[in-house]
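Q: I have a model open and want to learn to read its features one by one. Can we take them in turn, general idea before particular case?

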Amino acid sequence: MLTDTLQQKARPWLHRLDNGRARLFDAERLSQAEQTPYDTLFDDGLVKLRYYPPLQEKAIPLSDGTVMPVSEHTQRTPLVLVAPLAVNMLIYDLFPQRSLVRYLRARGFELYMVDWGRPGKYHNHLSLSSYFADYLPKMLVQVRQHSGQQQLSLHGWSFGGLFSLCYTALGNDPDIRNLVLVGTPCDYHRNGALGAQYRRLSRQAKWIRSNTGLRIHDVPARLLRSPGWMNSLAFKLTNPVGSLQGYMNLVRNLHDREFVAAHATNGAFLDDMVAYPGGVIQDIVRYLWTDNVVAHGQLPMASSEGNLSRVTANILNITGGADPIVTRDCSLAMDTLVRSKDKTYLTIDGGHMGILGSSAAQTQSWGRIAEWLIERD
């Protein structure tokens, strides 16, 4: 009898220990991310182009407990998701019931995604313009060949939004019909607390430049590479209290296997970020933080090619009310720089990650994005 009582008391703690062990050592098996099938249309060893074929389901579950029917109608204009750097692609397909790619495919969009891959030490020569002026044009050629459509819509989050905007601003592709820009930076010096730091850095860098002639591009690119673990840490430090709270909640909920699996799924994204090539860091410091060129309509590249005044595509700009990385003022600075006549602005709840893939994004912006694009199809 005593042994049975001890076993009953020990069982919940053994269950917690088992869940804790699984979270620490078997997180990949717990993760629910990236369950939506896709085909790889292009792969050069670094950059990949994905295509998401029509869903086999008749309906998909959403995070609020409802079920959404899968559209039998295919939208005419293909939609290309342009990812940012430093992140893996799990954020776009994080949970089966909270997957942006599954949602958009269910709304009838012919859906593609540009995955920038995992740059290694041999990719430190890559610059910001390598992505929006070299790689992105090649990817869109592939999309057009596969879809048979010339007009395209681009959906860019963070740097993916900047790449989409800069690509369009090159003025070489008049068939970009719509731009969905989510947390997209423009005026780095109007970026809240971070903007104050950028302005201080700008003054210091310009003083060094004028008095010594030294520029950030004189530093070897290999020395400036930012590894993935550093990017993960930097992202978490934008909200250190929230990051710590997440681990405290995990400890409190070790009895709940579903909670542990959800934590592992989020961790699969947050704990596995991707490196920035050294050349990208050079461009960020010079063109974005120091010279703040995009705020003046220019593109972050060595040549003077392109200008935001060449952008005429319809724009849906989505910002986060609690986004410390790209504030509303920073992003909406593009309003007077582009020549688009059709411009829509939406601010939703959430931080930089939340405005793309959170439950709030699903309820506040995903439907708006789909309807906005369908109205312009």
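**Reading the model**

A: Begin with burial. Buried residues make up 51% of the 377 residues in the protein. Buried means under 20% relative accessible area, exposed over 50%, and partly exposed in between, with a 1.4 Å probe and protein chains only. This is a predicted model: local features need pLDDT of at least 70, side-chain atom pairs count only at pLDDT 80 or more, and totals for chains, interfaces and linings use all residues. Residues are numbered from 1 along each chain as its sequence is written, and side-chain values use heavy atoms, with hydrogens and water left out.

Q: How many helices and strands are there in the protein?
A: Both are DSSP runs, numbered from the N terminus: helices are H or I with at least four residues, strands are E with at least two. Here they come to 13 helices and 10 strands.

Q: What share of the contacts joins residues 24 or more positions apart?
A: Contact means heavy atoms within 4.5 Å. Among contacts with a separation of 6 or more, 78% join residues 24 or more positions apart.

Q: What span does helix α4 reach, and what is expected?
A: The expected span is 1.5 Å times one less than the number of residues. Helix α4, residues 128-147, has 20 residues. From first C-alpha to last it reaches 27 Å, close to the expected 28 Å.

Q: Where in α4 does the kink lie?
A: The bend at a residue is the angle between axes fitted to the seven residues ending there and the seven starting there. In α4 a kink of about 40° lies at Tyr135, shortly before the proline Pro137. After the helix comes Gly148, with a positive phi near 75°.

Q: Which residues of α4 are buried?
A: An α-helix has 3.6 residues a turn, so residues three or four places apart point the same way. The buried set in α4 includes Phe132, Tyr135, Leu136, Met139, Leu140 and Val143.

Q: Which residues lie closest to the centre of the second largest pocket?
A: On a 1 Å grid over the protein atoms alone, a pocket is an open set with protein on both sides within 12 Å along at least five of seven lines; a cavity is a set where a 1.4 Å probe fits but cannot get out; lining residues have an atom within 4 Å of a point. Grid points are joined across faces, edges and corners, and a volume is the space filled by probe spheres set on the points. The second largest pocket has a volume of about 690 Å³. Of its 28 lining residues, Asn231, Ala234, Tyr276, Trp289 and Ile325 are closest to the centre. Helices α6, α7 and α10 each supply at least two lining residues.

Q: What is the volume of the largest cavity?
A: It is about 70 Å³. Its lining has 13 residues, with Leu85, Ala86, Trp116, Gly117 and Pro119 nearest the centre.

Q: Is Ser158 buried or exposed?
A: Ser158 counts as buried because its relative accessibility is 14%. It sits in the loop between β7 and α5.
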